[in-house]
Amino acid sequence: MGRLIATRLGLMVPTFVVITAITFAVAHLAPGDPLQLADEEQASAAVVEAARRELGLERPLGQRYLTWLGRLARLDLGASVVDRAPVTERVREALPRTVLVSGLALLVSVLASVFVGAQLAARHERRWARVVSAALTLASGVPSFWVAVMALLLLATPRGVELFPLQGLSSGPGAGVLDLAWHLVLPVLCLAWPTTAMLTRFVRDGVSKSLEQDYVRAALARGLDARRVLWRHALPNALVPVVTVIGLHLPHVVAGSVVIERVFGVSGMGLLAFEAIGTRDYPVVMGVAAVMAAVTLASMLVTDVLSAFIDPRLRLPGSAP
Amino acid sequence: MKSSGALLATALVFVACGRCSSRSASPTPDAAWLEGRAVPEVGATPRRGGTLTVRVGVEPSGFTRIHDRYAEGTMVRYTTGTLYETLGRVDPRHPEGPLLPWLASAFTEGEALTVTLRPGVTFHDGSPFSSSDVKAVLSAITAAQNPTVAMRAALGELASVETPDALTVVIRWRAPPTPFAVRALLGGVPMMPEEALAGDFDTLPIHRAPVGTGPFKLSSFVPAERLVLARFDGHREPAFLDGVVVRFVKDDTVAAQLWERGEFDLMTRIPPATWRAVEQQPWAFTGYRRFRTDENAYAWIGWNQRRAVFADARVRRALAMAYPAEVISRAVELGLEARTTCPFLLGSTSCDPEVKPIPFDPEGAKALLADAGWIDGDGDGVREHGGQPLAFSFLMVTASQRQAKVVPLFQEQLARVGVSLTVEPVDAAQSIQRMRTHDFDAAAMSWSSPDAVTDQFELFHSSQADGGKNYVNLADPEIDALLEQIRAAREGDARVALERRLHRRLFDAQVYLFLTARPALDAAKRRVHGLTPSLAWYELAKVWVEP
Amino acid sequence: MSARLGAAVIALWVALALGADLLASDLPIAVRVDGRTYLAPLWTRPAALQAETQPGLRRRAEWMIGTLVEFGPRQTLATTGTTRTDAPPFAPDARHWLGSDDIGRDVFARLVHGARVTLLIALGVVLLSSLLGVTLGALAGWKGGVVDLLLSRALEIASTFPTIFFLIVVVAALRTPSLTAVVLVLALTRWPEPARLMRAEVLRLKGLDFVLAARALGASEARILVRHLVPNALAPVIVSSTFAVGSAVLLESALSFLGLGVAPPTASWGELLQQAHRSLVTPGAWWLALFPGLAIASLVLATQAVGKGLERRFDVRR
């Protein structure tokens, strides 16, 4: 186990470099540069040239990437080109919002899908189970942003029912936890929607498969309570692949969904990245990319270790998972 | 004005009726609402207290107008006048006339510009405003190493700034200044405390935490969310409002929905579609007043003169004849914008009244193109001349809802006269970079100014093609000469005559296809009073609210 | 939805997309006017009919075979010959069966022509990514060693790194989002799945008897891989690709929604939904959101149903 972790950690550094280098190159190949947007109508060539030099935009790409990497080693992500705010500050503002919304959405999906999925597998012959299954299929076919826009239109405007707030995560300075929760309902549900539809079917299929296994049949034959067999015997086995799915989904928790953040005006990581690319604010784009690459690698490590913990066969080096 | 009783009754009817809209005897909007006319208020006594929540669609990245990075034209109006004050100000009643004194009590132009400051003015931090602050601000602008190029260019070359006493400033130029330079100095330079400008200019805290002399001071700033201003009690004419909350909502659709939920006291930049959509809705006309105010802003389409297809003036005129102005007015502008042909404020004396917009005339366009030698010889639907097809690309800013509608409408008509327009979607960052470097065929943009007096030199002089704002690369000796003469002329009839000639010449050249003058479309809750629209936005210090 | 119904829905959309010109166009299928007969002017686009429309021609023509809907996807209110003086969007009526958008373009015409673009993108993405994934996966599974290690690593990263972030960066880097570019970008984000499936299958199959037999018979490495292994390992890839058509449609609509889709005025379903969002300020313009939403949902569900059917047929457990 220790060796596995050590190998993985050793591999992480070059992987991180590759991911960020690719992002760096692609982002900097985008036409347009930040200084020309920042002063929309009034800058002259002289000031643009001076500022370009200051940012080092005329140096070769590789050299600029190395500088960036060197600064990163000192945990310095640089400052936004647009407003000179430190990128770490920007990330620190955006990250909690995204983690809150996407993390809650993931939690909701997991809880709902485990519960509903197990129930569906155990009672697949019931009419309601068929209805729910059909609804899940339907749900996975509808774009989540369409659902989000419709939800806002119906549940947050005077034209429908004015139940929820339209935008953001807070009604203003000093608003309490209840206010936050109220703001979170729609974005969390809309973000949880597709994941729940996917995971539920995953759990349902897994549980129905293990319900057919001999040990489960044996347990039932021994006269154990059917409910107990479902929750204590069949479900845990079906959850192993679910853990992997969740692990692989973690980076998305951090990236947030750009679309959902945009529709609900949550200024999290997704929106930060989207807007930074729009204004060619490279330090911010790269800051977000670095955080995302780090989380991606960390979640891969955690998934690996967890899988190895659950399934000892995977601890052998060289074997294919 | 309605009596409060009637208002209350209306409100009660509304509450009783709920959201079921117009079932019983529904109220009807009045003429002022439909036209968006500001009705002068009489007899109301201003009341102190309360806050005003304003929707703003653009967000500043900093609050120092003199810094190139923060000089965005549209943001200036929200900060100058509330946070900052200038020496002089545009007369709201005669925007084209001379400036009125503001932080100055008088200014006299002779060999030098002598400014006498208003006594007793203090900054938000309590320090008194004096001539040394004026000198410090001007020095920060003129220091060659500072990123203040735009402001420096507008002021012209200053020779000296002298401060004989605490309330007198004498400013000299190297050469006699243009009237535009004097106006920019008096009306465009926000006054900041001397101490706040000490240090590395680019990273000064004042860019993010403004300290001015205006009627409001900064309370808090949450990027992407809100800017909270509080009344500055040390102001010579304290504001009525306790504070102003500026909420940054970029998306027009979202803003409209928030507005409908009653979250803004003052809703700004209403898109034409929303303006029309709320026209007959009781929640809107019972609860709000609308203001449709002329601004000094116009939209245009520019043809890059470095492209051979646009070399012939007849081609440019034919393109203008294929522009379906009436359909666009009906479908996009919804009849809210007036056509213009002039770079000056709509209806200004500087515009030649003889010049009329080119009417939509596809047959005329075809004839003119054929006349210029552009004929569809190979039958592919696109005209050619000398082996070159009459085809070009159009930079379309993806975020612009207006361009998303206008460009396909124009494209369709152009195709019918044998001109091929290809849409090239770009984001805003890319669009401006490409226009500045002349790397485009055609593009749409708009210019705006908070002042009615504008210098057209930077837009149309051939020397401004690189580094200036002459993106279309216009190089016309006659226009160059006119622009130089206008700069040298004093204010008055002589300059107006030159400006009219400039207007006519620009129209004949058709390098810009002038589209419409864009009004500001705003709405305010009926409990908000004292809003007087002007070119330089509202004077928030005069605004008061009913409890 | 049963697999059969799903296949029928897909077939219907493919038919609508292929026949979009015959269903909705600005020029007729055939017409005789001014003493001349034009066959298929909607494709040949003769110069004499350049500024004509179907309602206009119908009045003057001796005879005419028109399209089902007399408007093309780019025809705005300036040329549809509408007599309405109010501002679009217009609600569904006898002229515009599914209504019109905010510059008077017919939603039905845009929907069927948009189906063409959307299907083309979805199919292109799936084919391209499957090709890429199958090649890489087969190589990794067959060669093993360093190749496999590198690919497995790349696979993990590519399937974990948030797709949408990558998409935004790449699209912003492109000068113009053309159809090909959108297909390429989306394909770049989907190759890991077929690669993973292919690799696993090849790993499983390469120890089996028939491979050993082929090798004993002296077949070359390449021949074994291409002729024996890949065809036998394709089933899971085919099943997953069917599902992927649906997700590509969803992804395309999300990209267009962010303004990063195919260049206007080309219609695609995502672009139609984006326009619906833009037109939310017009109260009650429900037809703009409903019909493209239904179209997307029907296609995605149909691909899932067919995928399920194939899964059962091939007995593949994903």
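**Close-up 1. The contact between chain A and chain C.** In this predicted model, 33 residues of chain A are in contact with 32 residues of chain C. On the side of chain A that touches chain C, the elements that give two or more residues are helix H1 (2-29), helix H6 (127-141), helix H7 (144-155), helix H10 (226-255), helix H11 (258-264), helix H12 (269-278) and helix H13 (282-310) of chain A. The largest share of this side, 6 residues, comes from H1(A). By residue kind, the side of chain A that touches chain C divides into 24 nonpolar, 8 polar and 1 charged.

**Close-up 2. An open sheet in chain B.** Here 6 strands of chain B form an open sheet with mixed pairing, and their order is E14-E20-E13-E19-E17-E18. Strand E14 (338-339) and strand E18 (420-426) of chain B stand at the edges, and because each has a single partner strand, one side of each is left without a neighbour in the sheet. Elsewhere in the order, strand E17 (residues 391-397) of chain B runs parallel to strand E19 (residues 442-449) of chain B, and 2 bridges join them. Phe394(B) has its bridge partner in E19(B), namely Ala442(B).

Close-up 3. For chain B as a whole, the mean pLDDT is 88, and 94% of its residues reach 70 or more.

**Close-up 4. A cis peptide bond in a loop of chain C.** The bond that joins Pro88(C) and Pro89(C) is a cis peptide bond, with an omega of about 5 degrees. Pro89(C) has its place in the loop between strand E3 (63-65) and helix H5 (107-143) of chain C.

**Close-up 5. Leu75(A), a residue with a positive phi.** Although Leu75(A) is not a glycine, it has a positive phi of about 60 degrees. Leu75(A) lies in the loop that runs between helix H4 (61-73) and helix H5 (87-122) of chain A. Because there are 7 other C-beta atoms within 10 Å of Leu75(A), and a residue with 12 or fewer is exposed, Leu75(A) counts as exposed.

**Close-up 6. Asp34(C), a residue with a positive phi.** Asp34(C) is not a glycine, yet its phi is positive, at about 50 degrees. The loop in which Asp34(C) lies is the one between strand E1 (30-33) and strand E2 (36-39) of chain C. With 11 C-beta neighbours inside 10 Å, Asp34(C) is counted as exposed.

Notes: Residues numbered from 1 in each chain as written. Chains lettered and ligands numbered in written order. Predicted model: local features only at pLDDT ≥ 70, side-chain atom pairs only at ≥ 80, totals over all residues. pLDDT = per-residue confidence, 0-100. Contact = placed C-beta atoms within 7 Å. Helix = DSSP H or I, 4+ residues; strand = E, 2+ residues; numbered from the N terminus. Nonpolar A, V, L, I, M, F, W, Y, C, P; charged D, E, K, R; others polar. Pairing = 2+ DSSP bridges. Buried ≥ 20, exposed ≤ 12 C-beta atoms within 10 Å, placed from the backbone.
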